[in-house]
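Here are my notes for your first read of this model. Keep the structure open beside them and check each point as you go.

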Amino acid sequence: MDNNNDKKTAADKVLESINAGRLKKLPGWHFLLKTILKITSVVIISLMILHLVSFIFFMIHRMGVIYAPHFGFHGWFAFFGALPLHLILLSIIFVVFLLILVRRYPLVYRRPLLYSAIGIVLLMIIGGHMVAKTDFHARLLNNAEGIPIFGELYRRYGMHKPHNMHVGVVIQMNESGFVMKDRREDTLTVIIGPETRVPTGAVFKKGDEVFVFGSRNDGTVQALGLHKIGNR
Amino acid sequence: MSELTDEEIAIRVQQGDDPSFGILMQRYEQKLTRFGRKFLSVDEDIKDRVQEVFIKAFASIQSFDHRQRFSPWVYRIAHNHFVDALKKKSREKVFSLDLDVFFPHLVAPETADSETHREDLKRMLDKCLNKLDSKYKEPLILYYFEDMDYKEIADILQIPVSTVGVRLQRGKTMMKRIFEESGETYG
């Protein structure tokens, strides 16, 4: 009997089990459900990356970090120092997750993975930039108290103030520069000197929203650079 | 029934004609056994492994997209199963993400080896299979023993077509080195 069984081919044994009803096919909905779950995961992770990237763009605009490179080497140095590196790292980790999820699809694996990685990053940068231009994050920031998980992110970054970068509204012009009120409602006196870099033709007046680059000493900022935010 | 294509038979199985799966198994048993024997480089449990591949293929038949070819689909199942078997049997690191898949390569064109040269290569490959890294061994087996083209191999291994070319090229170079080291002649 055993000898007979040994002589049977793998195909014979499997067919025997099929005919005896011992082997069952997994139903079509099983695979459909798996596909839906995979697509849902891809969509959720993509949306999370888009949210993070757009939030990074929104915050670097809001904090004025984006204007810092206008002011030379010190500006670039301050720019890189002020970037939310852990949010950028988190976005990269999500991109890696996304690549792992999609790498089994022919559209992805038939080309070098680098192309897909570049494609995803470009899409997220363009999409993130577009979302950052809407009032989506501003509204979430204003309602941060009521948002369960992301609220903390908005509260933390909403109050964050990068070193040597000040954003506020000019409330009074004076001989040495102007007085401005920043987003924390602090009043700062901005001194404009010969070393201050100002965009050609820029004229500052009361009510302008401005970005000031320079070190703060108590309530005074010695401006190394100025940029009118309305000009972006 | 024998004149039907693999894909047509697969559709019949999907529609409930389960015994037709036997025809597919008959068509692929020898091929998968040869593939498994060369890839796993062991003899004793190949029959069981192939049987498990068929069981998995039958269970998953509803996931087969009949607009695609059946052959790469069933070989993909076999590849996954054999890789799992290798992982269990040895501590060899099998197919972790490597830079071959990540970075683009100049596409190594699919070259048609002459029949004699191909037979020589097959004979040599047979002799040194055990000494080759799985990463290079599998494309060589699929190309020279299973007569698959780059695209089919790319679909089975789920790697870029250009990477298949690169791995075949490197595999052949490795094979040449193994032969030179053993004092035999290559080609």
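1. How far apart do the C-alpha centres of domain 1 of chain A and domain 2 of chain A lie? They lie 31 Å apart. Keep in mind that this is a predicted model. The domain assignment of chain A puts domain 1 at 29-158 and domain 2 at 165-231.

2. Look next at where the two domains touch. Domain 1 of chain A brings 11 residues to the contact, and domain 2 of chain A brings eight. On the domain 1 side, seven of the residues are nonpolar and four are polar. No charged residues are found on that side.

3. Now the overall layout. Chain A has nine helices and five strands. Reading from the N terminus, the order is α-α-α-α-α-α-α-α-α-β-β-β-β-β. The radius of gyration of chain A is 28 Å, while the globule rule gives 17 Å for 232 residues, so chain A is more spread out than a compact globule. Its C-alpha atoms fill a box of roughly 105 × 40 × 25 Å along the principal axes. Buried residues account for 26% of the 232 residues in chain A. Take the contacts in chain A between residues at least 6 apart in sequence: 58% of them join residues at least 24 apart.

4. Follow the strands. S2 (residues 177-182) and S3 (residues 187-197) of chain A pair in the antiparallel sense, over five bridges. Here A:Lys181 stands opposite A:Thr187 of S3(A). The hairpin of S2(A) and S3(A) has four residues between its strands, and A:Glu185 in this hairpin takes a positive phi near 70°. S3(A) also pairs with S5 (residues 220-228) of chain A, in the parallel sense and over five bridges. In that pairing, A:Ile191 has A:Gln222 of S5(A) as its bridge partner.

5. Two loop residues deserve a check. Most residues other than glycine have a negative phi. A:Asn164 has a positive phi, near 65°. This residue sits in the loop between helix H9 (150-158) and strand S1 (165-174) of chain A. A:Asp218 also has a positive phi, of about 55°, and lies in the loop between S4 (209-217) and S5 of chain A.

6. Is each of these two residues buried or exposed? A:Asn164 counts as buried because it has 21 C-beta neighbours inside 10 Å, and the cut-off for buried is 20 or more. A:Asp218 has 7 such neighbours inside 10 Å, so it counts as exposed; the limit for exposed is 12 or fewer.

7. Turn to the contact between the chains. Chain A gives 21 residues and chain B gives 27. On the chain A side, helices H2 (10-19), H3 (28-62) and H7 (113-133) each supply at least two residues. H2(A) gives the most, with seven residues. By class, the chain A side has 13 nonpolar, three polar and five charged residues.

8. Last, the nonpolar cores. The largest has 54 residues. Among the members that touch the most others are A:Val14, B:Met25 and B:Val74. Helix H4 (residues 70-89) of chain B provides the largest share of this core, eight residues. B:Val74 touches B:Tyr28 and B:Ala57, leaving aside residues up to four places away in sequence. Another core, of 35 residues, lies apart from the largest one and includes A:Leu52, A:Phe58, A:Ala68 and A:Val190.

Definitions and conventions: Residues are numbered from 1 along each chain as its sequence is written. Chains are lettered from A and ligands numbered from 1 in the order in which they are written. This is a predicted model: local features need pLDDT of at least 70, side-chain atom pairs count only at pLDDT 80 or more; totals for chains, interfaces and linings use all residues. Two strands pair if DSSP finds at least two bridges between them. Domain bounds come from an automatic or database domain assignment. Two residues are in contact if their C-beta atoms, placed from the backbone, lie within 7 Å. Ala, Val, Leu, Ile, Met, Phe, Trp, Tyr, Cys and Pro count as nonpolar, Asp, Glu, Lys and Arg as charged, and the others, Gly among them, as polar. A nonpolar core is a set of buried Ala, Val, Leu, Ile, Met, Phe, Trp, Tyr and Cys residues joined through C-beta atoms within 7 Å. The radius of gyration is taken over C-alpha atoms; the globule rule is 2.2 Å times the number of residues to the power 0.38.
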